[in-house]
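I opened this notebook to record what I looked up in a structure that was new to me. The entries follow the order of my reading.

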Amino acid sequence: MANYPTSFGKEDLLKCARGELFGPGNAQLPAPPMLMMDRITEISGDGGLHGKGHVVAEFDITPDLWFFDCHFPGNPIMPGCLGLDGLWQLTGFNLGWRGWTGRGYALGVGEVKLTGMVRPDRKMLTYKVDFTKAVQTRRLTMGVADGIVEADGEVIYMVKDMKVALSES
């Protein structure tokens, strides 16, 4: 494991988006407004439900978030794909946090269940990512994880078998 902290504030996440946290050409988070978290409260390479690593992060919900005005006008809802993207972002962040090199790419997801919605009256999303596999070989760097998104403590999204890879090209 690289020697990074086990929690990160907003400024740290913005450094990652600028390519300053893990170094040029390595895992980056997207910049706002596509950055889907405000802080990472826990991260490990050997914790979580399967002992293969985990990430817990939070995203503050405010009624003025950009997506509420356009999805859907008059019926504001956060697009479910943004919650899924947040889980992918955190999966890739964990790989960079481990000190593994390369740029992150989402490769897919096995199963997605959306059982609730994020409306402007929600206060906070909590992302929980639990790795089932983390592989680094000469030819492949990849994480496979399950994840959930909670809105104010209620599980609203569940995913299985998210895949994110790091690539030098």
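Predicted model: local features only at pLDDT ≥ 70, side-chain atom pairs only at ≥ 80, totals over all residues.

Entry on cis peptide bonds. I found Pro33 in the loop between helix 1 (10-17) and strand 1 (39-44). The peptide bond leading from Pro32 to Pro33 is cis, with omega near 10°. I found a cis bond between His71 and Phe72 as well, where omega is about -10°. Phe72 sits in the loop between helix 2 (66-70) and helix 3 (80-97).

Entry on Asp146. I located Asp146 in strand 6 (residues 141-151). Asp146 is buried and has no salt bridge. I looked up the nearest side chain of opposite charge, which is Lys160, 4.1 Å away. A salt bridge requires the two atoms to be within 4 Å. A polar atom of the Asp146 side chain does lie 3.0 Å from the backbone nitrogen of Asp161.

Entry on positive phi. Asp161 belongs to strand 7 and, although not a glycine, has a positive phi of about 60°. I recorded Asp161 as partly exposed, at 35% relative accessible area. Asp152, also not a glycine, has a positive phi of about 50°. I placed Asp152 in the loop between strand 6 and strand 7 (154-167).

Entry on cysteines. I counted 0 disulfides. The sulfur of Cys81 has its closest cysteine sulfur in Cys70, 10 Å away, so the two are too far apart for a bond. Cys81 is exposed, whereas Cys16 is buried at 1% relative accessibility.

Notes: Residues numbered from 1 in each chain as written. Heavy atoms only, no water. Helix = DSSP H or I, 4+ residues; strand = E, 2+ residues; numbered from the N terminus. Buried < 20%, exposed > 50% of the residue type's maximum accessible area, 1.4 Å probe, protein only. Lys, Arg positive; Asp, Glu negative; His and termini not counted. Polar contact = N/O pair within 3.5 Å; in protein donor to acceptor, adjacent residues only side chain to side chain. Disulfide = S-S within 2.5 Å.
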